[in-house]
Amino acid sequence: MNKIKLLGLALLTAAVSFTSCSDYLDVQLEDQLTIEKVFSKRASTLSYLAHIYSYLPYEAEYQGTNSTEEVFPGGDGAVVPMSDEAMFSTYQWSTYLNFRTGDWGPTTPYFNIWKYQYTGIEQAGIFMDNVDKCPDLTDEEKKQMKAEARLIRVYSYFQLFRRYGPVYIWGDKRSDATIKPEEIDRHTVDQNVDFMISELDKAIADLPLTLADTKTFAGRATKGAAMATKARILLYAASPLFNGCDLYKGQLINRWGDYLFPQTPDPQKWEKAAQAAKDVIDLGLYKLYTDDTETDPMMHNIASYQGVQFKEWNSEIIWGYWPRYQDRYYYIACFNRHFAMPPLITKMGCGQYCPSLKLVDSYPMAETGRYPINPVTDLGYDSEGMPIVDPLSGYQKDGFEDGWEHPIEGPKFGAIKAHKSCIGRDARYYASVFANGFKFINDFIDGGNTEVYFQTGGNSPLRNGDCVKVGYFWRRFIPTDIDYEHGNWGTYFWFYYRLAEIYLDYAEACNEKPNRDAQEALTYVNKVRERVGLNTLQEAYPEYNFLSDQNALRQMIRKERMVELAFEGHRYYDARRWMIAEKEFTGPNWTLNLLATNYESSYSRTTKVWAGSDNLFQAKHYFFPINQIQLSEMKNITQNYGW
């Protein structure tokens, strides 16, 4: 019998071993007295609950998990560089690159979260079975803590569901229920969703609306967290990938004779998704964060968007987290900041975290509110990698302007010579994107506050070492008032759900449901735009009648999600659930021409900077394959399509 320790003594004194099926489904406690002792005291029971929270994914950790899960267990941030919104400037230790180029399969060890999440599922179940034994907790506390564990268990199932498709539902079975490995197979999409929603409804009933002590317990689950989880799951369940798509018709039958995926679409699932999102909104507990310190309109809009991340536990956050261990604190705060600063200009900068040119091109124009590429006609790019521009947008893809002041740095640090594509953009562009030729501002940099040039021969040039290969890096993580140069990385806050996502979820569902409510959809997507100073979609695109043109509104909502939720881990899953990833994730790696030896020439585009293979996404890539490790354990489990 192969036994593997599950819980570290730092969190819990109970020793746990694995045996039988899959090592992590059938969990046996080595010493029943030990587990009884754990749940005999308030402090150790709370420690166990904290351990359950540790299985929540680290969505801000863009490196993700390695093959042995030693670095970032549960990390899900690597879906950002797997998608078309990012293009990180590194080839080393970048296992997500295999997933961009299609070079992966059932034996690929990276990002296999199956065992980790099922371990979390079982640990949550053990907690739920035993918390009532604690004499030091009130009945109300026990009920709340059980609901927290129930929510976290659902979130682990959802992590598996959105990566692998429907999975095996372990439910409330414990180690006294013998499961033979050859009997394990996956339950259907509808069975997965029905289980998760029923569990969430139980959690919603018992979780508090707010936390009595937010300073001590910030990050613990509330009713809103469970309701937001329900809204996201139902949105996925209604989306084409999970809801009767042609790709899975006649495919993937489990050992009980059930099709894993619905064979016909059910439009009513959009009604459920819309209602779940509206229920979160109707709580009235959350509002879009807006800055109350900046008087300049553009700076107000920039600060409002930046503040969602920089202002911890602000009014927009439904559920968030701090790094839960000291090493995670280092990885998140340090990595996400020194990987998003220019090399050579800053002592600690690596310049690796970069947006794709597609994302850079997606930000609307501030004056017109139009996207540079019209999302409805979507003419895309020409043979030189340049966007085929909507002439009504106001975007200029050629030329430079002397004496331009960046809205953040310009008033204090002076004008620069800027490429015209960088001028007049949405506030979120300036909050998020640092372009070649911009000034990097930090008062702690020796001789800092200088223009940064990424082209060959510049002061932060293309080279064999750390460098920016795209021509832009991601600045949204970087407050300007922290002394990074001397190891002060500041605090780092992240969120699982925020209100802007719920607004966009609701808008999408309202546009797609059978009883289509385009006006409601417009109302809520416009709330997101108006927070950053953009005019409404109706004002920006008067040529479309969004009340009658469902596809036009659909494309606008999808583009708005890409911009508003950039680098938050949504784009990879959105493109998959809409079944557009084969188109969007396939193609060459375009960058600015940083091989050029002067600034002006660098703003042409090339595929020669990036040395790796082109990107490839095929139909089989919509879901991860069940890994060979699991196939060896559960020999009759149904493999995903194409693998």
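Modeller: Let us begin with the second largest pocket, which has a volume of about 610 Å³. This is a predicted model, in which local features need pLDDT of at least 70 and side-chain atom pairs count only at pLDDT 80 or more, while totals for chains, interfaces and linings use all residues. Residues are numbered from 1 along each chain as its sequence is written, and side-chain values use heavy atoms, with hydrogens and water left out.

Colleague: What is a pocket, and how is its volume defined?

Modeller: Rolling a probe the size of a water molecule over the atoms shows where empty space is left. On a 1 Å grid over the protein atoms alone, a pocket is an open set of points where a 1.4 Å probe fits, with protein on both sides within 12 Å along at least five of seven lines; lining residues have an atom within 4 Å of a point. Grid points are joined across faces, edges and corners, and the volume is the space filled by probe spheres set on them.

Colleague: Which residues lie nearest the centre of the second largest pocket?

Modeller: They are E294, Q306, F310, T480 and D481, from a lining of 23 residues. Two elements give two or more residues to this lining, α11 (297–310) and α14 (410–413); helices are DSSP runs (H or I, at least four residues), strands likewise (E, at least two), numbered from the N terminus. The largest share, 5 residues, comes from α11. By class, the lining divides into 10 nonpolar, 4 polar and 9 charged residues, where Ala, Val, Leu, Ile, Met, Phe, Trp, Tyr, Cys and Pro count as nonpolar, Asp, Glu, Lys and Arg as charged, and the others, Gly among them, as polar.

Colleague: Is α11 mostly covered or exposed?

Modeller: Mostly covered: 10 of its 14 residues are buried (under 20% relative accessible area with a 1.4 Å probe, protein chains only). Among them are M299, I302 and Q306. The buried residues of α11 pack against β3 (317–321), α15 (427–432), β10 (494–498), α17 (518–531) and α19.

Colleague: What is the volume of the largest pocket, and what lines it?

Modeller: Its volume is about 870 Å³. Its lining has 37 residues, with D84, K358, Y381, K583 and E584 nearest the centre. The lining has 15 nonpolar, 10 polar and 12 charged residues.

Colleague: What is the mean pLDDT of the chain?

Modeller: The predictor's confidence in each residue, from 0 to 100, is the pLDDT; its mean over the chain is 89, and 90% of the residues reach 70 or more.

Note on methods:
Buried < 20%, exposed > 50% of the residue type's maximum accessible area, 1.4 Å probe, protein only. Contact = heavy atoms within 4.5 Å.
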